[in-house]
Amino acid sequence: MDKIFEFPFIINFDSEFVDGLVRGFAANNSGFFDSVKSALTALVNSINWVLGYIPWFVMIAIVFLAAWRAQKRLRSGIMYAGLMFIIGLFGLWELMNLTLSIVLAGVFIALLIGLPMGVLISAFGRLNKTVRPILDMMQTMPVFVYLIPAVIFFGMGSASAVIATVIYSMVPAIRLTSLGIRQVDAEVVEAGRSFGSTPAQLLFKVQIPQALPTIMTGINQTLMMAMSMVVTCSMIGARGLGNEVLIAVNRIQISRGFIAGGAVVILAIVLDRLTQGWFDSEESLKG
Amino acid sequence: MRDISDDKDFIIEMQNVSKLYGIRREEAFSMLRKGADKEEVHKKTGVVTALYDVNLKVPRGKIFVIIGLSGSGKSTIVRSFNRLNRPTRGKVLFDGVNIVDMSKKKMREFRREKIAMVFQSFGLMSHRNVLGNVAYGLEVKGIKKQEREAKALEAIELVGLEGLDESSIDSLSGGMRQRVGLARALATDPEVLLMDEPFSALDPLVRDDMQFELLSIQRKLEKTVIFITHDIDEAFKLGDTVAIVRDGRLVQVGTPEEMNANPADEYVERFIESADKAKVMTARNIMIKPKGMVRLKDSVDRALRTMRRHGLSSVFVVDSKLEVKGVISLTEALRAKRKGLKIADVFERDVNIVEPDILVKDLMPMAIDSAYPITIVDKKGRLKGIVTKASVLSCLMMHSNEEQEEDNTHI
């Protein structure tokens with residue numbers, strides 16, 4: 001009787017063999033992966049170097065002005081500057097810079113790949129059908145799974161963290177860019193064509209500018225997704241605020257965990273509001 | 001139709017143009033050749049027939065109107081002229097050159113130099129201001145900024161939008177937006193202007209203005225205009241030649257007079273009859289926008305300036321809520337200026353104020369008595385438009401003529 005509750009066949013999946021293949025591939029191409037790794041590490045380090053050269057009060061002043069400009073309210077400027085000040089008060093300023101450099105490097109590469117991909121997909125309907133399930137998979141795959149190949153190919157450290165961040169955060173940039181372009185009013189596109197635009201003129205003078213609000217939302221989402229990878233990435237050796245949280249979990253230190261976690265939240269909120277604010281204010285300028 | 005043998009009189013010619021959507025097109029063609037209609041073809045083969053075997057010639061420098069119901073294929077025809085829609089079969093000759101199999105590069109040049117289009121929902125780019133939109137066609141042609149902006153400004157002036165070149169598209173009304181669309185099309189100085197139901201998204205009053213504007217611009221520049229509409233009144237008002245399409249086929253081509261005299265079939269006849277709906281005209285139908293008005297608080301100089309600018313002999317006086325208070329004439333304004341009086345001291349309070357739904361024949365007594373135009377206001381007393389004496393009289397005369405004709409037929 002119990003037989004019917006059992007699955008009748010189970011294949012003998014040789015995971016060792018597959019893993020071996022992947023490792024072998026990584027080892028055989030180590031030259032390539034090493035150069036990618038050193039390039040990514042250099043990118044993260046140089047962003048961190050730049051951030052390190054900005055004194056804390058200058059950074060807070062920048063946040064203050066940007067928030068004020070973006071949301072057109074003095075109060076927002078003071079609030080977001082104050083939140084940044086709190087991160088500094090708890091001695092997390094340098095860790096925040098480390099986190100920020102990995103996030104920014106990841107977002108930079110995600111956009112570098114994602115935006116052109118989105119444009120390409122919008123232009124070819126068939127490509128859209130092929131790519132959509134891949135994007136779905138990228139978004140729904142548990143994020144920890146990305147860490148394994150990242151480590152195999154790039155070892156522990158910030159390079160792997162950037163790669164994992166890129167894969168996870170790239171999806172909204174691709175999706176919303178292609179959506180934005182496909183949603184441009186058909187008559188506006190026809191008008192562009194009717195005046196003899198080349199495909200490139202049509203893209204850069206009509207389609208992209210018209211899709212800009214949606215594309216900007218995609219960029220904002222990419223940034224937020226990258227922020228959500230901060231703690232996960234610390235498991236493969238990304239330093240910064242995420243690592244603080246990880247240490248606090250391992251040692252069961254409640255306050256340390258919440259303080260570092262709070263700093264991640266503050267950073268995410270500030271980045272979100274600043275980017276969103278800029279785009280909204282652009283829209284309101286038009287209206 | 002008149003037979004004009006000299007082909008220089010025609011700028012565009014369509015020869016056996018068909019447009020079919022679907023896979024089994026060959027099969028569909030042979031069915032259509034045997035006289036099947038488009039429903040039959042669609043049921044049998046799944047092919048959609050947008051156009052079948054259309055032949056027409058567009059006279060140079062005239063307004064050519066294509067009229068049909070929605071789905072009749074009129075938009076497909078107009079888009080064949082600049083190949084936004086490539087015909088499945090047939091030739092489209094522009095000055096003798098077949099544009100159907102032009103290379104992409106040649107096509108771009110053709111679109112940049114020879115032909116421009118105005119769209120039903122305007123097709124304007126909201127990320128550019130008026131000037132940026134109007135200059136677009138010149139920009140893709142690679143004309144330098146200074147030159148293209150100068151030309152764009154000329155076009156903006158031509159359509160009566162001077163001073164609005166820096167405005168954003170979102171801040172404009174529908175009528176103004178379509179003026180931008182028209183200016184954009186005129187800016188490249190094309191030979192042919194394609195207009196795909198350009199005024200059907202506008203409200204009737206604005207539509208009349210725009211039709212008038214288009215006519216005067218066309219007469220001035222003598223461009224060939226191909227105009228699509230579903231409104232027979234509009235077609236007969238604008239068209240030097242009118243073509244009626246139905247179910248993807250051309251039914252009749254001719255001047256409005258020819259069509260009125262000999263409709264090709266019952267379909268055309270019914271279409272034409274629908275034009276005759278204006279039996280009961282109201283003030284709304286014949287009112288126009290007042291060219292100038294002044295506020296009670298404005299200076300007398302301002303009133304004089306307004307009159308001079310628009311060439312008027314009187315302007316309406318409104319309060320800050322646009323409620324009509326009266327009218328001030330040129331003589332009174334000049335007297336006030338001499339004696340240092342204000343508008344409030346001299347303006348005429350006794351004007352004829354009516355609501356837009358009043359019948360034109362009821363306006364007759366007022367039109368005869370009053371020295372000023374009749375004022376049309378909404379329920380809140382705000383100025384909506386004016387009706388001039390001349391338009392009341394001409395409207396009534398037209399009607400009495402029609403009635404007489406009808407009486408004759410009864411005898």
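**Close-up views of a two-chain model**

**Figure 1. Asp231(B) is buried, with a relative accessible area of 17%.** Buried means under 20% relative accessible area, exposed means over 50%, and partly exposed lies in between (1.4 Å probe, protein chains only). The model is predicted: local features need pLDDT of at least 70, side-chain atom pairs count only at pLDDT 80 or more, and totals for chains, interfaces and linings use all residues. Residues are numbered from 1 along each chain as its sequence is written, chains are lettered from A and ligands numbered from 1 in the order in which they are written, and side-chain values use heavy atoms, with hydrogens and water left out.

Asp231(B) forms a salt bridge with Arg207(B). Their closest N and O atoms are 3.7 Å apart. Asp231(B) sits in the loop between S8 and helix H10 (232-238) of chain B, and Arg207(B) sits in helix H9 of chain B, so the pair ties together parts 24 residues apart in sequence. A salt bridge here is a side-chain nitrogen of Lys or Arg within 4 Å of a carboxyl oxygen of Asp or Glu. Helices (H or I, at least four residues) and strands (E, at least two) are DSSP runs, numbered from the N terminus.

**Figure 2. Asp189(B) and Lys223(B) meet in a salt bridge.** The N to O distance is 2.5 Å. The pair links distant parts of the chain, 34 residues apart. Asp189(B) lies in the loop between helix H8 (174-187) and strand S7 (192-196) of chain B. Lys223(B) lies in the loop between helix H9 (204-221) and strand S8 (224-229) of chain B. Lys223(B) is buried, at 10%. Side chains of opposite charge can pair when their charged atoms come close. Over all chains, the structure holds 26 salt bridges.

**Figure 3. Arg335(B) and Glu332(B) pair within one helix.** Their side chains form a salt bridge, 3.0 Å from N to O. The two residues are three apart in helix H15 (residues 330-339) of chain B, so about one helical turn separates them. Arg335(B) is partly exposed, with a relative accessible area of 28%. Glu332(B) is also partly exposed, at 26%. Elsewhere, salt bridges that share partners join Glu190(A), Arg79(B) and Asp196(B) into one network.

**Figure 4. Chain A meets chain B.** How many residues of each chain are in contact? The count is 20 residues of chain A and 29 residues of chain B. Contact means heavy atoms within 4.5 Å. The two chains bury about 2100 Å² between them, 52% of it on carbon and sulfur atoms. Buried area is the accessible area (1.4 Å probe) that two parts lose on being put together, summed over both.

Two salt bridges run between the chains. Glu190(A) forms a salt bridge with Arg79(B), with the closest N and O atoms 2.7 Å apart. Helix H9 (186-194) and helix H10 (199-228) of chain A each supply at least two residues of the side that touches chain B. By class, that side of chain A has seven nonpolar, eight polar and five charged residues.

Ala, Val, Leu, Ile, Met, Phe, Trp, Tyr, Cys and Pro count as nonpolar, Asp, Glu, Lys and Arg as charged, and the others, Gly among them, as polar.

**Figure 5. Ile252(A) and Asp53(B) have positive phi values.** Phi of Ile252(A) is near 50°, in a residue other than glycine. Ile252(A) lies in the loop between helix H12 (241-251) and helix H13 (254-286) of chain A. Ile252(A) is exposed, at 71% relative accessible area. Phi of Asp53(B) is near 50°. Asp53(B) sits in strand S2 (residues 48-59) of chain B. Asp53(B) is partly exposed, at 36% relative accessibility.

**Figure 6. Chain A has 13 helices and zero strands.** The C-alpha trace of chain A spans about 65 × 55 × 50 Å along its principal axes. Of its 287 residues, 44% are buried. Among contacts in chain A with a separation of 6 or more, 78% join residues 24 or more positions apart. Chain A averages a pLDDT of 90, and 96% of the residues score at least 70. pLDDT is the predictor's confidence in each residue, from 0 to 100. Where does pLDDT stay under 50 in chain A? This stretch is residues 281-287, for which the model has 11 contacts beyond four places in sequence.
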